[in-house]
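Subject: Structure handover

Hello,

Here is the structure we talked about. Please open it first, then read my notes below.

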Amino acid sequence: MMRNRFDTQLDQLNTELIHMGALVEDAINSAVCALCQQDKEQAKSAIKLDQLVDLKEKEIEDLCLKLLLQQQPVARDLRLISAALKMITDMERIGDQAADISEIAIFLADEPYVKKLEIIPKMAEETIKMVSGSIDAFVKKDLDLARQVIDADDIVDDLFVTVKNNLIDMIHKNPLHGGQAMDLLMVAKYFERIGDHAVNIAEWVVFSLTGEHKDIDGSVDQI
Amino acid sequence: MKRKIFRSMLLLSLVTLFLSVALLSIVLYQQLADDMKRELRNQAAYVTAGYYEGDIEYLEAIRGADRESRITLVDRDGTVLFDNRADVATMDNHRDRPEIAEAFSEGEGETIRQSDTVGTQYYYLATRLVDGRVLRVSSSSDSVTDALTSSGVVIVMILILMICLAILLARFETRRIVKPINQIDLEKPMKNKVYDELAPLLIRIHRLHDSVEEQMQELAERNKHFSEITESMEEGLVILDEIGHVVSANPSALTFLESGDGEYAGRHFSTMNRSLSLRNAVEAALLGNSSETVMTAGNRSFQLRANPVTRHGEVSGVILLLLDVTEKQKSELQRREFTANVSHELKTPLTAISGYAELLKNRMVPGDEAADFAGRIFEEASGLIALVEDVIRLSQLDERSVPEPLEEVDLLMAARSVMARLASKAKQANIEMTVDGSGGLILAVPHLIEELLINLCDNGIKYNKEGGSVDISVEQVPTGIRLIVADTGIGIPAEHQERIFERFYRVDQSHSKETGGTGLGLSIVKHIAAYHKATIELTSLEGQGTSIAVTFPIAIKKSL
């Protein structure tokens, strides 16, 4: 009976995490639409989604703590719950950054872009792919997919450097465009950070599946 | 059952064993007691005979000989004259000892009692002698018990042995009885040869077995039908249970939801697809509300219908039906765009016409220019008529309601006649036209082919350079007959090539008015080609010219 309840709660934790992932994905998608199409409505919906993400984080956190205290899980279950606790923090950060991008997008929507956005949409696409990939890896318990996400971070990092150089060129050509360039640089930085968070999520997925987590210095600790 | 059989068998043998041992012991005891009495009587006779021979001295002589029995001689007045076990001096008068008293009166007496002198249970036999004295011989009854106990040890040992044997036998027998029952093959109950008593049961099982098998087969059949139906369904079908776990999902649903391969039965629906619209629809359905929404997955749109399954007034599951509406939405969008475009295309010349007419009406046009104005009105009106004709043609082609029957058409001849019709226009634009090829018969509607050729050649002339050329060629290829209209014109930029067959699509919006045309030409070409099941290939290089190849399937021979 007790065990049954525990399983139901674990199942619930799983689906809530998936739901939170879906919210985060929607938030980034909306933010990207808002940015590329200069659509203020999309930006507002992204900000609203971020609030939902925050609520969801609280909810999942409560569920995790309840599970830890009441059921005292061990081994695999314990890994899942502790990984969940870490993952929601990263997802919440991604939500925040989507909202930040949206705020800049609202600001940028009033004037046309100096140059058609090219690299930033590509960067957005890559980061969305990473976030979706990390959540997919969790849903499907797919170790390979998680590792792909971890590797994909380099692409986003390279794209960030390209964006940065392009923006420097833009300022060089006309210093009056500096304001927009700064905003776009922030946006690019946010995308780069979202990529990092996606990597974190993927690492926690790896941890929940194998019990191994990549440490800061790259060494592998077995728990 | 095994245990029960074993227990009852063991109990039975133990009870028998103990009862027989107990009865045997009683009998044995009796036997031993009788033996002892007889022996004592014999002994008494010997001692009596000895006494008659040797008097009391004889008795003294055998005092130490017999350790088993006690011999006492009592005088007529009861005083003890001799005893081989006790000191005569300490013994009291024995006259009132029951056996002695009896012997005095009856001549012989016997009792079993506790000896006052020696203190153990004794069997006494007293005989009155000829001289009036009484000779008493006695033996301890302990000797019987002793004999019994000494043999008792053996008996107990045998008993233990027997018990062990009984246990072993019981176990063996139990196994032997139970074995055939255990070996019954329940899959084929009638093939077994066991106890007759079990036969009715086996027959019953056999019947049940048959009916269960039948039902299973029916069920499997039905399941197969169901999965065949769902698997061949184009619509996605997902069935969820009351907590949102997948019961079944057909392949279309997995494709639509981009879930990838895998077994989703028993897993939460959000592992298939985590889109929020799906989740909202399922959550509403779990609360008992059906809903219909459009959701997107990948780059396709689906109409999602979520219906709760209720049993006894409670939601026991959800059925999700997914319909791919991408094409529908696309064509709807196209139709909407078309309507908007047509209205726009109609409005522009009409505004001009109404402007010129207004000027004429208000007599604001000098007399000599009136004809010119009327000419412009006529021009715009002709354009309008051409546009409306094109739209009508297009909608006819859309509906595929062209009533004309198919005839044999020689493409080469048709091309020549079109060239003749467009010759003056070509000359005006200073463009050379050539027709070339081996000719080929196709089965088609003649005036549609003519229209197709005119549209293609007209475009070739219109979007050409000064002194360019339009070359028409007809050739046979393995897949049919190919018509190629190539010009040396301005060409179509790569990014537009995909869209130029769309209605009202123009490569250069500002340029279009100069060259004229309705913007529907290529769209009509596309439709005519589709009507004849022909394929269109476009190759174009910006600034170098465009070549459009239309490949018609080979005419069906029956008409020849």
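Strand β15 (residues 480-487) of chain B pairs with strand β17 (residues 545-552) of chain B in the antiparallel sense, over six bridges. Strands here are DSSP E runs of at least two residues, helices are H or I runs of at least four, and both are numbered from the N terminus. Two strands count as paired if DSSP finds at least two bridges between them. In this pair, B:Ile484 stands opposite B:Ala549 in β17(B).

This is a predicted model: local features need pLDDT of at least 70, side-chain atom pairs count only at pLDDT 80 or more, and totals for chains, interfaces and linings use all residues. Residues are numbered from 1 along each chain as its sequence is written, while chains are lettered from A and ligands numbered from 1 in the order in which they are written.

Sheets in chain B

β15 and β17 belong to an open sheet of five strands in chain B, ordered β12-β14-β15-β17-β16, with mixed pairing. β12 (432-437) and β16 (535-541) of chain B are at the edges with a single partner strand each, so one side of each has no neighbour in the sheet. The twist from one strand to the next averages 15°. Angles run from 0 to 180 degrees between N-to-C directions; axes are lines fitted to C-alpha atoms, for helices over the stretch in contact. Helix α9 (residues 411-428) of chain B lies across β12, β14 (469-477) and β15 of chain B, and runs at about 175° to β12(B).

A second open sheet in chain B has five strands in the order β2-β1-β5-β4-β3, and its pairing is antiparallel. Its edge strands are β2 (80-83) and β3 (108-114) of chain B, each pairing on one side only. Neighbouring strands are turned by 20° against each other on average, direction ignored. Strand β1 (residues 69-74) of chain B runs antiparallel to β2(B), joined by three bridges. There, B:Val74 has B:Val80 as its bridge partner in β2(B). Helix α1 (residues 2-61) of chain B packs on this sheet and touches β1, β2, β4 (121-128) and β5 (134-140) of chain B; its direction makes about 135° with that of β5(B). Helix α2 (residues 98-106) of chain B lies across β1, β3, β4 and β5 of chain B, at about 175° to β3(B).

Hairpins

Strand β8 (residues 291-297) of chain B is joined to strand β9 (residues 300-311) of chain B by seven bridges, and the two run antiparallel. B:Ser291 has B:Ala306 as its bridge partner in β9(B). These strands form a hairpin with two residues between them, and B:Gly298 in the turn has a positive phi of about 65°. β9(B) also pairs with strand β10 (residues 314-324) of chain B, antiparallel, over 10 bridges. B:Thr310 stands opposite B:Val315 in β10(B). Again there is a hairpin with two residues between β9(B) and β10(B); B:His312 in the turn has a positive phi of about 50°.

A buried glycine

B:Gly236 lies in strand β6 (residues 236-241) of chain B. B:Gly236 is buried, with 23 other C-beta atoms within 10 Å. The cut-offs are 20 or more such atoms for buried, 12 or fewer for exposed, and partly exposed in between, with C-beta atoms placed from the backbone. B:Gly236 and B:Ser252 are 16 residues apart along the chain, yet their C-alpha atoms are separated by 4.7 Å. Leaving aside neighbours within four places in sequence, the contacts of B:Gly236 include B:Asn250, B:Phe256 and B:Leu322. Contact means C-beta atoms, placed from the backbone, within 7 Å.

Helix packing and the interface

Helix α4 (residues 119-140) and helix α6 (residues 178-210) of chain A pack at an angle of about 20°, with their axes 9 Å apart. That makes α4(A) roughly parallel to α6(A) (angles under 35 degrees count as roughly parallel, over 145 as roughly antiparallel, 65 to 115 as roughly perpendicular and the rest as oblique).

Between the chains, 10 residues of chain A are in contact with seven residues of chain B. Helix α1 (residues 2-37) of chain A gives the largest share of chain A's side, nine residues.

Best regards

Key:
Two residues are in contact if their C-beta atoms, placed from the backbone, lie within 7 Å.
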